[in-house]
Amino acid sequence: LAGLGSLVVNSGARILALVGYAALFAITPLRLDTHRWYTWVFVLLLVDLVWYLYHRASHRVRIMWAGHQAHHNSQYFNLTTAVRQKWNPWFELLFWVPLPLIGVPPWLIFFAFSINLIFQFFVHTERIGRLPAAIEFVFNTPSHHRVHHASDKDYLDKNYAGILIIWDRMFGTYAEETHRPTYGLTKNYDTANPFRLQ
């Protein structure tokens, strides 16, 4: 139900956001050339950085955490955890506002964000152990994301990455998985009612 509710609410919110981003894109003189391959790379990197900033804020700003905590409430960690999403996407959508103003077409914002979310779906698993060191150094992996979903004191507020773990390494929020995490919140809600969790 959490995933279904998120799908319904987020679909409507994203349609409104698309209209808003299109209006902002129309008033800016800036335009990124989407016919150049490096524009796509730049936008993917930029969206990933914005995701990191948004995700970090979602854990540090109380009103944002109130929406995001539903995703972290699960005491299990598997692909179903990935679809336990918030029903309040407004803060997330506000974080993308600068992108159309610097000339990123709204459709490309949503494309890059979709790639980011698809990637993140697959890091919600205990089935995959540590990957080769070069991959673990650059990319968000199941190992990194297990740390993020932990309620252990040494793992709290770490590894906010979407696709690239380099943002966490650069901004001091990286933690390596050294023991099996305890999943869930520091104080879990004793309910499976999606309305109460939201």
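Visitor: Is D33 buried, exposed or partly exposed?
Guide: This is a predicted model. In it, D33 has a relative accessible area of 34% and is partly exposed.

Visitor: Which residue does D33 form a salt bridge with?
Guide: R36 is the partner, and the closest N and O atoms are 3.3 Å apart. R36 has a relative accessible area of 43%, so R36 is partly exposed as well.

Visitor: How many salt bridges does the structure hold?
Guide: There are 6. One of them joins the side chains of E92 and R14, at 2.7 Å from N to O.

Visitor: Where are E92 and R14 in the chain?
Guide: E92 belongs to helix α5 (residues 90-95) and R14 to helix α1 (residues 2-27). The two are 78 residues apart, and the pair links distant parts of the chain.

Visitor: And are E92 and R14 buried or exposed?
Guide: Both E92 and R14 are buried.

Visitor: What about R60, which residue does its side chain meet in a salt bridge?
Guide: That is D157, with 4.0 Å from N to O. R60 sits in helix α2 (residues 37-60), while D157 is in the loop between α9 (142-148) and α10 (166-171). R60 is partly exposed at a relative accessible area of 45%, and D157 counts as partly exposed at 30%.

Visitor: Changing topic to rings. How many aromatic pairs does the count come to?
Guide: The count is 12 aromatic pairs. Among them is Y21 with F110, a tilted pair with 5.8 Å centre to centre and 35 degrees between the planes.

Visitor: Which helices hold Y21 and F110?
Guide: Y21 lies in helix α1 and F110 in helix α7, so the pair ties together parts that are 89 residues apart in sequence. Both Y21 and F110 are buried.

Visitor: How far apart are the ring centres of W51 and F113?
Guide: The centres are 6.2 Å apart and the planes stand at 40 degrees, so this pair is tilted. W51 comes from helix α2 and F113 from helix α7, so parts 62 residues apart in sequence are tied together. W51 and F113 are both buried.

Visitor: Which residues of α7 are buried?
Guide: The buried residues are P106, L108, I109, F110, A112, F113, N116 and Q120. In general, an α-helix has 3.6 residues a turn, so residues three or four places apart point the same way.

Visitor: Over which rings do the charged ends of R31 and R169 sit?
Guide: The charged end of R31 is over the ring of F25, 3.8 Å from the ring centre. For R169 the ring is that of Y174, with 4.1 Å to the centre.

Visitor: Last one, the surface. Which residues make the nonpolar patch of about 450 Å²?
Guide: W37, Y38, V41 and L45 make that patch. V41 is found in helix α2, and at 39% relative accessibility V41 counts as partly exposed.

Key:
Residues are numbered from 1 along each chain as its sequence is written. This is a predicted model: local features need pLDDT of at least 70, side-chain atom pairs count only at pLDDT 80 or more; totals for chains, interfaces and linings use all residues. Side-chain values use heavy atoms; hydrogens and water are left out. Buried means under 20% relative accessible area, exposed over 50%, partly exposed in between (1.4 Å probe, protein chains only). Helices (H or I, at least four residues) and strands (E, at least two) are DSSP runs, numbered from the N terminus. Rings of Phe, Tyr and Trp (its six-membered ring) pair if their centres lie within 6.5 Å; planes under 30 degrees apart count as stacked, over 60 as edge-to-face and the rest as tilted. A charge sits over a ring if NZ of Lys or CZ of Arg is within 6 Å of the ring centre and within 35 degrees of the ring normal. Patches are made of residues with over 30% relative accessible area and no salt bridge: like charges are joined within 9 Å, nonpolar side chains (Val, Leu, Ile, Met, Phe, Trp, Tyr) within 5 Å. Accessible areas come from the Shrake-Rupley method with a 1.4 Å probe; for residues, only the protein chains shown count as cover.
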